[in-house]
Structures are given as structure tokens and as C-alpha cells.
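Here's a quick tour of the model on your screen. Have it open in the viewer and follow along, sheet by sheet and helix by helix.

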Amino acid sequence: MSGPNTIDRLRTWISETAGRCIYCGFCESVCPTRPLGPHRGYGPRGRVAMARLVAEGVTPLSNTVVESVYTCLLCAACETKCPVGLPIADIIRAARRLYTLEAGFSAREEKGRVPAIARR
Amino acid sequence: MLDVRSILSILASNIKATGLPVPAPREALYSWSEGLSIPKDGDTLLYTGGLYQLLPYIEVYSSQLAKLEDKRSGGLLLRAAGRFSSLSRIAGAIVRPSKREVEESKRILQSIVRLLDAAGVRVAYRREVDGYSGVLLYDMGLDDDFKKHFAQVARSLAQTGARTIVTVDPHTTHVLRSVARRLGLLPELEVKTYLELLAENIDNINFKKGRAGTAAIHDSCLYARRENVIAQPRLLLERAGYQILEPRRSGRLTYCCGGPIESIAPKLSSRIALARIGELADTGAERIATMCPICLANLKRASRTAGGPPVVDLSLLLAERLEA
């Protein structure tokens, strides 16, 4: 279902789409996780920046990045404030998709190494 | 924050094994319909997506996960569980949902059917077709698992011959109406929420006369920002006699309940819910109306903690105002 091409396409899409962010930070005022999280990776601007850096190979998919993209609520409140109309929730979901592909979730299934409960 | 890889492994394994995101018996999905005379065939088919019914099980499961977040050994235990999915197996054996919550989720679905009937909308229901949409797989970025799971859902729905699918929660609505359409997985069917159908047929509904009290409305993010379901719940509540009180952030600018990250970051999730319950309680409303099972569970818990007003599903508020 998914192969190296999927990962490349995903990286390109994230890089191009997140690359339109002008880092104005208007999105941060409405993000529910930003004021309660420990660092800027808990806000949309930080998440979009991280997704882009990961997609472009500048930053590895570290625990901090995973934490950042998986604490997003996908509520899209940020999108109501974005002056360039970025699909921010889609960018975050794409970053999650990249993580699951890089972490080998699809590959594990294809090789039949599914966890025990799945074989019951 | 819990170990993401383990949570994803457990989620994917659960759905692959049982079709459900948490360990629960299959009959939990349809036991609400027992004793009701709903036809099996028809143009308009009710597909619940299972979220209301699974809520009591999700509550138990989430509280187990929240305990792991607090314990020093929790991370290790969760990683081991994710590797072998043993937590799912253990949880499957010990999950005992609250009877009161199970009954409430049944009442919500029964109320929805009663309201549709009062509006003159005849729906069919097939317990063998009803199930989980796979929305969490999609949200978590497990697209391949989602597509495999949803292909089965789409096949089952198509085989019923129905032309319109009626949904009852925003997550299932969004997956069926927007995600599946975009991915070309459900091309032929029209998808409507029960709120839209009730609003379209509101003149048929015979509500009690007089005032029903005040209700603060909590919009679901997906309904308000993705599915344009904003006016319908307001119209329905008003016609049912409620005075609607809007929180500081409402409609398209609504504030999330925190529920979507409950299984990943339970503490952060509950802090967001507490912030939201504060906004809703500030309206001074007697009750808070929700229209999503995830919002209902998260805000109800937060309101108990904060001593706020009762949080009630919209369907129950509307059904209690139906003329007998």
C-alpha cells in the first residue's frame, strides 16, 4: 500500500505546504494546547515548523517532534486565524503519517509481524 | 505524555482483531436497539459509528492509561504492552464499564431514533452493518490500516441498498462525508447527521410548550469548522423551548474539549477540558449541551471536578421536550 514513493511525496507535500507559513503566530492565540504545553512545539506555529524541518531532513523524527505532532487536537482552531489559509491540521496529520511510515507500522503489517492480539 | 508508538500499536491491533478501538463485546454496539421496532431495510440507514456505545468502555480504558502516565514504571509497562498488545488482552478481560454510563449511551441513541420518528424521518437500522468507522486510525496517521478497515465499512453500507446514511456524531460524520469522499472510498452515498435531518423537518416535531430552562451550547470542532453544523442545534434547542447561552468562544470559533488527545496525553487533555468547562460555566447556564460523545465524556468529567453544571447530550435535552 505504501512504499518509498509515498514517503517522498509526503515529504514534498509537507515541505511545500508548510513552507507557505509566514510565522506570524496569529494561530497561537486560539490553540488550546499552546498555553498549557511546556514549549512552543505545543502550538501550531511550532508544529508546522517542526513538520517542515523533518520533511526536509533538517531535523530527525525525535521524541520531541513526535510529542509535538501527537499532542495536536486536530481541532483546526488555528486555521480560523491563518492569514495564508494553511491547512494546518492536514499538515500535522501528514507529519503523523510520515512518523507511522518511518516507524515501520505499514512494513510490520506487510511482513506479518502483527502483535499477538491481531492473530487471535 | 504516554508512549506514542505503544498507543498506536495497541489501537491498530484492537481494530484489526475486533473492529473496535477498545476491547468491548460486539453486542455493546447494538443492544440499545433491542425492543425497538426499527425496520431493517430502507432508503435512509442509521449508522451510529459506535462512539456513543463505546464511550463507557473508552472511559475505563482511558483511566487505565492515565494511571500509567503517573507511574514511573508506566512507560515500561506500556511499551511492553504495545509490543505484545497484552494491555489490550488484559483490558479486554477486566473492562467493566459503569452500568449508568452504558444506560445513558443507550438512552441517547434511543432518543435520536425517537426524535427522527417525531420529525417524520423513517430510518432503517442493521445491527450487522453498524460498527466503528476507523476514525482514530485516520487521525493518528495510520492511513493504511484506516483504508483497510474502512473498505469493509463501505462495502457493508453499499450492500444495504440505502441511499442516505444518517450519522449521530461529528467524528463519524466527518469520516463518512468528507474523508471517505476525498479518498474515493464512499462515492455514491449521501451522508447526513440526525441534527440536519431534524432541522430540515422541524415543523413536524411536536415540542412541549413553555420554557425549558437555559443551556450553554458547546459546539463540536468538526461540526462547526468542517461540516457546517452550527445553526441546526441552535434552531432545535430554541424550538424545544431552551434559552441558549453562548460561551465566549462558540460557533466556528469554538474551543476544543481536549478529548482527541485523551489517550496520548491524558493530563493535558483534562487541563484543556477544565479550561473549557470554565468558559461554559461562566455563561451561568443551568445545563451544558454537547453534540459529540467525546466532548460529552471529557466535559462531564471536567465539570464534576470543577463543580460545574451538568453536561448533557443534545439529543436528551431535545427528547425530554417531546410531547408524549
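Before we start: two strands are taken as paired if DSSP finds at least two bridges between them. On that basis, this predicted model has an open sheet of four strands in chain B, running β5-β4-β6-β7 with parallel pairing. Chain B also has an open sheet of three strands, ordered β1-β2-β3, and the pairing there is parallel too.

- Going from one strand to the next, the twist averages 40°.
- Inside the sheet, β4 (residues 213-217) and β6 (residues 287-290) of chain B run parallel and are joined by three bridges.
- To find that pairing, look for Ala215(B), which sits opposite Arg287(B) in β6(B).
- β6(B) pairs with β7(B) as well, in the parallel sense and again over three bridges.
- Here the pair to look for is Ile288(B), opposite Val311(B) in β7(B).

**Helix α11 and what covers it**

- Which residues of helix α11 (residues 231-239) of chain B are buried? They are Gln232(B), Pro233(B), Leu236(B) and Leu237(B).
- Seen down the axis of α11(B), these buried residues fall within an arc of 125°, so they line one face of the helix.
- Just past the end of α11(B) comes Gly241(B), with a positive phi of about 100°.

**Helices α12 and α13**

- How do helix α12 (residues 266-281) of chain B and α13(B) cross, and what is the angle? Their axes come within 8 Å and cross at roughly 75°.
- Angles of 65 to 115 degrees count as roughly perpendicular, and that makes α12(B) roughly perpendicular to α13(B).
- On the α12(B) side, the residues that meet α13(B) include Ser269(B), Ala273(B), Leu274(B) and Ile277(B).
- Among their counterparts in α13(B) are Asn298(B), Leu299(B), Ala302(B) and Ala306(B).

- The edge strands are β1 (44-46) and β3 (190-193) of chain B, each pairing on one side only.
- Neighbouring strands of this sheet are turned by 30° against each other on average, ignoring direction.
- Strand β2 (residues 164-167) of chain B pairs with β3(B) in the parallel sense, over four bridges.
- Among the residues in this pairing, Val166(B) has Lys192(B) in β3(B) as its bridge partner.

**One residue in helix α2**

- Gln64(B) lies in helix α2 (residues 51-70) of chain B.
- Gln64(B) and Met140(B) are 76 residues apart in sequence, and their C-alpha atoms are 20 Å apart in space.

How values were computed: Residues numbered from 1 in each chain as written. Chains lettered and ligands numbered in written order. Predicted model: local features only at pLDDT ≥ 70, side-chain atom pairs only at ≥ 80, totals over all residues. Helix = DSSP H or I, 4+ residues; strand = E, 2+ residues; numbered from the N terminus. Axes fitted to C-alpha atoms, helices over the stretch in contact; angles between N-to-C directions. Buried ≥ 20, exposed ≤ 12 C-beta atoms within 10 Å, placed from the backbone. Arc of directions from axis to C-beta. Parallel < 35°, antiparallel > 145°, perpendicular 65-115°, else oblique. Contact = placed C-beta atoms within 7 Å.
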